[in-house]
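Colleague: I have just opened this one and would like a walk through it. Could you take me through it slowly?

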Amino acid sequence: MKKTVLFVILDQYADWKAAYLSSWILALGQDRYAVQTVSLSKEPIRSMGGFTVLPDYDIPSAPTDFEGLILVGGMSWRNENALQVIPLVQNALENQRVLGAICDASAFLGKIGALNHADHTSNALDDVKQWAGEAYTGESRYRMQQAVRDKKIITANGTASLEFAREVMLALEIAPEDKILEQYHFDKFGFYGASMPGM
């Protein structure tokens, strides 16, 4: 039985912020992992890059037994209907599953109080504080880094697709650490830079 990693994609999701991670999971996870998508409905949604996707699940039909939950950044996390994702997040937290969020999706975790007890990052601390209001009390644990992993919670800013993928892969333990870092360095620095000393 393959372990499932669920990617939450909302309308106008940022496709490139999921692509590295999903492809790494399938490339390095071989036959042990499955990547599936969930959205607010089963209707087709369109990414910021213009790709139309038919989600595998809507919220009510999404699997409750998953290995990881990935909230993909995009333009819809500040809409009221994004709150429908909360039960999936609660499931991940209660069952100590890997929970990852990038860009505005990381601020969404702040908005619902999921980052108050974990080191984390986002696009900007002031933005998280303003949007989340009293639900966010984790300012002291905010880190000005591209991506932050605190046990099984991973957050990243919108420019950190590769760092986000690296930290989620390490949290999922999909492959040996050296293999994950090798993939990261290859995609980060290219054919030539990846083999240079000190890279």
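This is a predicted model: local features need pLDDT of at least 70, side-chain atom pairs count only at pLDDT 80 or more; totals for chains, interfaces and linings use all residues.

Colleague: What percentage of the residues count as buried?

Modeller: Of the 199 residues, 50% count as buried, where buried means under 20% relative accessible area, exposed means over 50%, and partly exposed lies in between (1.4 Å probe, protein chains only).

Colleague: Let's go inside, then. Which residues have the most contacts inside the largest nonpolar core?

Modeller: A nonpolar core is a set of buried Ala, Val, Leu, Ile, Met, Phe, Trp, Tyr and Cys residues joined through side-chain atoms within 4.5 Å. The largest one has 32 residues, and those with the most contacts inside it are Phe7, Leu21, Ile25, Ile70, Phe164, Val168 and Met169. The elements giving two or more residues to this core are β1 (3–8), α1 (16–29), β7 (98–102), β9 (153–156), α5 (161–172) and α6 (177–193), and the largest share, eight residues, comes from α5. A second, separate core of 30 residues includes Leu69, Leu115, Trp131 and Tyr142.

Colleague: Why do side chains like that gather inside?

Modeller: In soluble globular proteins, nonpolar side chains tend to be buried together.

Colleague: Going back to Phe164, what does phenylalanine 164 touch?

Modeller: Taking contact to mean heavy atoms within 4.5 Å, and not counting residues up to four places away in sequence, phenylalanine 164 touches Lys17, Leu21, Ile70, Gly100, Ala101, Ile102, Ala147, Ile154, Thr155 and Ala156.

Colleague: And alanine 18, is it buried or exposed?

Modeller: Alanine 18 is in helix α1 and is buried, with a relative accessible area of 8%. Beyond residues up to four places away in sequence, alanine 18 touches Phe7 and Val72.

Colleague: Switching to α3, how many of the eight residues of that helix are buried?

Modeller: Seven of the eight residues of α3 (residues 104–111) are buried, so the helix is largely enclosed by the rest of the structure. The buried ones are Asp104, Ala105, Ser106, Ala107, Phe108, Leu109 and Gly110, and they pack against β6, α2, β7, α4 (125–132) and β9. Just after α3, glycine 113 takes a positive phi of about 80°.

Colleague: Which residues have a positive phi although they are not glycine?

Modeller: Glutamine 96 has a positive phi of about 55° although it is not a glycine, and lysine 151 likewise has a positive phi of about 55°. Glutamine 96 lies in the loop between α2 and β7 and is exposed, with a relative accessible area of 58%. Lysine 151 is found in the loop between β8 (147–150) and β9 and is exposed, at 70% relative accessible area.

Colleague: Loops again, then: where does serine 76 lie?

Modeller: Serine 76 lies in the loop between β6 (68–71) and α2 (86–94), yet serine 76 is buried, with a relative accessible area of 10%. Leaving aside neighbours within four places in sequence, serine 76 is in contact with Leu10, Asp11, Gln12 and Ala82.

Colleague: One more, proline 44: buried or exposed?

Modeller: At 51% relative accessibility, proline 44 counts as exposed, and its place is the loop between β2 (33–39) and β3 (45–46). Not counting residues up to four places away in sequence, proline 44 touches Thr52, Val53, Leu54 and Pro55. The C-alpha atoms of proline 44 and proline 55, eleven residues apart along the chain, are separated by 6.7 Å.

Technical notes:
Residues are numbered from 1 along each chain as its sequence is written. Side-chain values use heavy atoms; hydrogens and water are left out. Helices (H or I, at least four residues) and strands (E, at least two) are DSSP runs, numbered from the N terminus.
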